Amino acid sequence: MNDTDVDVYIGADELARTLAADAAAGLTGSPKWLPPTWFYDARGSRLFDEITRLPEYYPTRAERTALRAHADEIAAHTGTKTLVELGSGSSDKTRLLLDALRAHGSLGAFVPLDVSETALRESVAAIAAEYPALQVHGVVGDFTRHLRHLPRGGTRTVAFLGGTIGNLLPGPRARLLAELRDLLEPGEWLLLGADLVKDPAVLVPAYDDALGVTAEFNRNVLHVLNRELGADFDPGAFDHVARWDPGHEWIEMRLRARTPMRVRLPELGVTIAFDAGEELLTEVSAKFRRDRLTAELATAGFAVRYWWTDPEGLFSLSLSRA
Ligand code: AVJ
């Protein structure tokens, strides 16, 4: 039977406090913004799962294709004993990696880190059942705050997939990469999935699909604020906006107030006002170029040893050595 355990560094009460702090910081200033963490309650996670299957949303398919093509090389190059994944490890992409590492014969442990305790515990149980010899050690935490709690040792590869690196603005992104480098020993690896700059005619629909699933995913954050902070947002009074910012080379998702409105946030003791047309920034999703991402990784102390993409060149997988 497996050796499994889960360490919890974010309790339910801390989640509520952090949400209140983020809402107070982001909604009372101008322009209004919220970090994308809060999209992923149970409904938001289900909506994102639907997004990954939409015809317009290419990143998940492209990354899976690249992983399927190169998982054996990744196992051979890294000889990883411990696979660490920033993210719950619930995806089939994780299993592509675990299968390749198991076939290579080096794999001993899997360490998923995720902010959702529910998703993490489900994933730990499922992976332990599918890989009986594997030690599975889950960590409930935020990868921007709790990396230091990841277990050391074991010739680790840290997998940071899905393009989630793009949710971080350049400053926090540089800090995360530097922190990741600090926690790795020389000779350990970072496997990074990053979406690539391309024609906005492809990028924008991926964040504004015809069925409106992304619009619902975006509005869902208002349902989270209503439920968790007792706010009285009317999600239907906001239009979904997805926009390509060519200067920063990132997609912005926003919620635009159709009419002037006032929203009460009783937990914060404030009422906020939206002008007609005023927008709330809910997410940036940065897109990368090989030369600039290689330079960012080098600045953090990582040497990119292997760079792959899907056959259409939509999405990148890079394997960097600490
Ligand atoms: C899960 C953060 C990688 O940025 O593409 C999908 C989230 N937002 N559709 C992304 C998302 C809108 C996704 N990440």
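UniProt positions are given in the numbering used here, feature names are shortened, and annotations may be inferred rather than shown by experiment. The UniProt record, an unreviewed entry, assigns residues 20-321 to "domain: Histidine-specific methyltransferase SAM-dependent". The structure is a predicted model, in which local features need pLDDT of at least 70 and side-chain atom pairs count only at pLDDT 80 or more, while totals for chains, interfaces and linings use all residues. Residues are numbered from 1 along each chain as its sequence is written, and side-chain values use heavy atoms, with hydrogens and water left out.

Over residues 20-321, the chain is 38% helix and 26% strand. Helices (H or I, at least four residues) and strands (E, at least two) are DSSP runs, numbered from the N terminus. The C-alpha atoms at the ends of this range lie 38 Å apart.

Two packed helices are described by the angle between their axes and the distance between the axes. Axes are lines fitted to C-alpha atoms, for helices over the stretch in contact, and angles run from 0 to 180 degrees between N-to-C directions. Helix α1 packs against helix α8 (residues 213-229) at an angle of about 120 degrees, with 11 Å between the axes. That makes α1 oblique to α8, given that angles under 35 degrees count as roughly parallel, over 145 as roughly antiparallel, 65 to 115 as roughly perpendicular and the rest as oblique. The crossing of α1 and α8 is left-handed (the near helix is turned anticlockwise from the far one by less than a right angle; clockwise would be right-handed). L19, A20, A23 and L27 of α1 are in contact with V224, L225, E228 and L229 of α8, contact meaning heavy atoms within 4.5 Å. By class, this contact has seven nonpolar, no polar and one charged residues (Ala, Val, Leu, Ile, Met, Phe, Trp, Tyr, Cys and Pro count as nonpolar, Asp, Glu, Lys and Arg as charged, and the others, Gly among them, as polar).

The axes of helix α6 (residues 170-183) and helix α9 (residues 290-300) come within 8 Å and cross at roughly 50 degrees. α6 is therefore oblique to α9, and their crossing is right-handed. R173, L177, A178 and R181 in α6 meet E296, L297 and A300 in α9; these residues divide into four nonpolar, no polar and three charged.

Two loops carry backbone features. In the loop between α1 (12-27) and β2 (32-33) lies P31, joined to S30 by a cis peptide bond with omega about 0 degrees. E249, in the loop between β8 (238-245) and β9 (250-257), has a positive phi of about 55 degrees although it is not a glycine. E249 counts as buried at 9% relative accessibility (buried means under 20% relative accessible area, exposed over 50%, partly exposed in between, with a 1.4 Å probe and protein chains only).
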